[in-house]
Amino acid sequence: MACLHDHSCEDHDCSSNWSLYKHIDLPKVSALNEAVPGSAKSVFKPWEHRLNSSEEHLESNEGDPELLVYIPFTSDVKIKSIAIIGGTDGTSPSKMRAFINRDGIDFSDAQNMQAVQEWDLVENLNGLLEFQTRYAKFQSVASITLHFPDNFGGDTSQIHYIGFKGEATQLKRDVVATIVYELMPNPSDHKTKAESGGGFSQVE
Amino acid sequence: MVLEATMICIDNSEWMRNGDYSPSRFQAQADAVNLLCGAKTQSNPENTVGILTMAGKQVRVLTTLTSDLGKILSCMHGLEVGGEMNLSAGIQVAQLALKHRQNKNQQQRIIVFAGSPIKYDKKMLETIGKKLKKNNVSLDIVDFGEEEDGKPEKLEALFAAVNSNDSSHIVHIPPGGTAISDALMNTPVFTGDGEGGSGFAAAAAAAAAGGGDFDFGVDPNLDPELALALRVSMEEERARQEAAAKRAADEAARQGKGEEPPSNSQDTAMVDKDAEATNSAADPMDEVNALLQQAIALSMENAASDPSVRDSEMAEATNDDQDLAMALQMSIQESAKDSSSQSDMSKALEDQSFVSSVLASLPGVDPNDPSVKELLASFQGQASQSESGQKKDEDKPPSDDK
């Protein structure tokens, strides 16, 4: 559901609430059906800069409004709400579906799978609208995939800003990534104190 | 070193029986596929490759994505040729196989060998291409074999639809001449998007193309020492052959002057060898040519020689000074009467002092050695024209000691 701020934002700083962008693992952000490869990273910026449309934005390919954005985080986060700023002239996305903690989703997967939550978006050009999540389901999010299946009639879909509001925990969900298992012991790896010359066992 | 999962779509339709690529289209294609698999797995150890065939009753996946090169190569055996190629089903199955790859970090790539005519129209190919592009799959198209009207345009349309950011490629290979694998070797299909390519691909390309470019079949960049050694030894051999030719020419040309010219020619040859060792080969070259002509003319009219007389004189010297003796013997055995050698040179060499000084400069020859002196004397003594030689001859009676 959308909610509006009931105070003007000049009084206090709303940006501290939208601080989850710092926990996004930007190099690993990817999108499918983007017109310019790598442009997906440009939509994650601080709250104050959300209206900076001079920089790049994420645009889908000609004639195809579907977009799929994969966003991993550097640690597990709890997401309270999401804000989206779309483009003008019907290029704003009209629906959003979210998938949690799955990577490698492509369009056929996204269309067939049951999303964790779906929203109907409105055209939101200044980013004051936020879309709340069912908080219980978004408690330990390592990565989120957002699927935008349709827009408001434009030829392409444009997204200028994606913001997340919530809390970051310092935990990491992933299992340990790199472990080297020894099949056979290698003595050179296990120097004892006597061999390395330390200790009190030297006799002059 | 891009981490990639590649599905290779092979065309095994009836059109592959044709022989316009040797030995047959299908074999040429199989060779190219083998090389390609090797290059992909070498460029990054985590790369995976899978193979499927497009023709026949249905599209058949021969191996799913694997990094085991042996498995890939073995599944290429025993493939049957027949049926019609189904391009769109082949690409769809390849896409499905790539979707279910184990390592989701790998880039997805499909390589299609399109040898038979394409029965789809441009629109359909463009939708296929768009779908691949949407799912971030790169496509390499190898256009070979049948050249029907419109096939290159159709494939170019497919390529344009799928290409995003130059990650896809298309190669047209005309029949005859180069094999498919050779033609592919230099393209980005093999070398992978121009990042420097894999060592395998680069080495294979260099070996194929570089063999004929360098003098000795060895790349100076790869192995400069070997190239240098080969070049030096070639030059030494050439110099030695020139010396031998000149020696032979001199000897043949001077036989008419008795023994002196041979000894002189022997000296000449030795002098020349010295001279050449100190790197001056320009002048003797012309002389050698002229002498060679004469030598050839003379040897045509050679009568049998009378080596017996010569041999007895040579016997004593032989043991001590093997090289000298052998060469002299060789020169003596060609008997000839006429001489048309260069008189000025022979005159110069008649001078005993000159000869002995030359001999002194030669390594291993001691002019005071009695046997050497005896040799010289004996040659000079038999010369009928030389005056100084005869005088010395009286001074130095031949001795028998060694």
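The model is predicted, so local features need pLDDT of at least 70 and side-chain atom pairs count only at pLDDT 80 or more, while totals for chains, interfaces and linings use all residues. Residues are numbered from 1 along each chain as its sequence is written, chains are lettered from A in the order in which they are written, and side-chain values use heavy atoms, with hydrogens and water left out.

Where chain A meets chain B, the contact (heavy atoms within 4.5 Å) takes 11 residues from chain A and 7 residues from chain B. The rule finds 4 salt bridges across this interface, a salt bridge being a side-chain nitrogen of Lys or Arg within 4 Å of a carboxyl oxygen of Asp or Glu. One of the salt bridges joins B:K134 to A:D64, with the closest N and O atoms 3.1 Å apart. On the side of chain A that touches chain B, helix α1 (residues 107-112) of chain A gives the most, with 3 residues; helices are DSSP runs of H or I with at least four residues, and strands are runs of E with at least two, numbered from the N terminus.

Within chain A, strand β8 (residues 141-148) has 8 of its 8 residues buried, so it is largely enclosed by the rest of the structure; buried means under 20% relative accessible area, with a 1.4 Å probe and protein chains only. Strands pair if DSSP finds at least two bridges between them, and strand β4 (residues 67-86) of chain A pairs with β8(A) in the antiparallel sense over 7 bridges, with A:L67 standing opposite A:F148. Strand β5 (residues 95-100) of chain A also runs antiparallel to β8(A), joined by 4 bridges, and here A:T145 is the bridge partner of A:F99.

Terms used
Buried < 20%, exposed > 50% of the residue type's maximum accessible area, 1.4 Å probe, protein only.
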